Amino acid sequence: MPSNHEIIRDHYAASDRGDIDGMLAPLAPDARWTEMAGFPYAGTYIGPEEVRRGVFERIGAEWDGYTAAIDELIDGGDTVIGIGTYSGTHRATGRFFEARVAHVWRLAGGRVVAFEQFTDTALVRAALT
C-alpha cells in the first residue's frame with residue numbers, strides 16, 4: 001500500500017496531467033474538502049463528486065492555464081502538507097494571477113478524509129475584476 005506522502009504526490013501528478021479522475025481517486029466518499037473563505041470557490045464540499053463540480057470543473061471552465069505547482073511536500077504521517085504556487089489567467093477578465101498556497105491533507109486508511117486550502121485570496125480575486 002502506498003504511503004500517505006505517495007498518495008498526495010500522485011494526486012499532484014494527476015493534477016499536472018489534467019486528470020481529474022486521478023485527482024479525486026484518493027478521496028474517501030465522505031471526504032471534507034475546504035476552499036478558503038474569500039477564494040472564488042470558498043466552502044466545504046463533501047465527497048469526490050461535490051469537489052469535482054464545485055471546484056475542479058469550475059476552475060477548468062473559468063481559467064486558462066490554471067496550475068497548482070507544488071514544490072514541497074511535508075510528510076507528517078496522517079497529515080501531509082503541500083506548499084507551492086497557484087497561477088492562471090481568468091477567461092472573463094484576461095487577468096493573470098500568481099499566489100503562494102498551502103494545502104493540508106488528512107488521511108486515514110490510505111484515503112483522504114479532509115483537505116484544507118490556504119492562499120492569498122486577494123491576489124486571486126484581483127484577477128476576477
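Modeller: Start with a cut-off: a residue counts as exposed when its relative accessible area is over 50%, and as buried when that area is under 20%. Asp71, at 55%, is therefore exposed. Keep in mind that this is a predicted model.

Colleague: Which residue pairs with Asp71 in a salt bridge?

Modeller: Side chains of opposite charge can pair when their charged atoms come close. Here the partner of Asp71 is Arg100, with 3.4 Å from N to O. Arg100 is partly exposed, at 48%.

Colleague: How many salt bridges are there by this rule?

Modeller: The count is six. One of them joins Asp21 and Arg52, at 2.7 Å from N to O. Asp21 sits in helix 2 and Arg52 in helix 3, 31 residues apart. Asp21 is exposed at 52%, whereas Arg52 is buried at 17%.

Colleague: What does Arg91 form a salt bridge with?

Modeller: Its partner is Asp64, and the closest N and O atoms are 2.6 Å apart. Arg91 is in the loop between strand 4 and strand 5, while Asp64 is in strand 3. Arg91 is partly exposed at 42%, and Asp64 is partly exposed at 38%.

Colleague: Is Asn4 buried or exposed?

Modeller: Asn4 is buried, because its relative accessibility is 13%. Asn4 lies in helix 1, and the residues it touches include Gly77, Asp78 and Leu107.

Definitions and conventions:
Residues are numbered from 1 along each chain as its sequence is written. This is a predicted model: local features need pLDDT of at least 70, side-chain atom pairs count only at pLDDT 80 or more; totals for chains, interfaces and linings use all residues. Side-chain values use heavy atoms; hydrogens and water are left out. Helices (H or I, at least four residues) and strands (E, at least two) are DSSP runs, numbered from the N terminus. Buried means under 20% relative accessible area, exposed over 50%, partly exposed in between (1.4 Å probe, protein chains only). Contact means heavy atoms within 4.5 Å. A salt bridge is a side-chain nitrogen of Lys or Arg within 4 Å of a carboxyl oxygen of Asp or Glu. Lists of a residue's contacts leave out its neighbours within four places in sequence.
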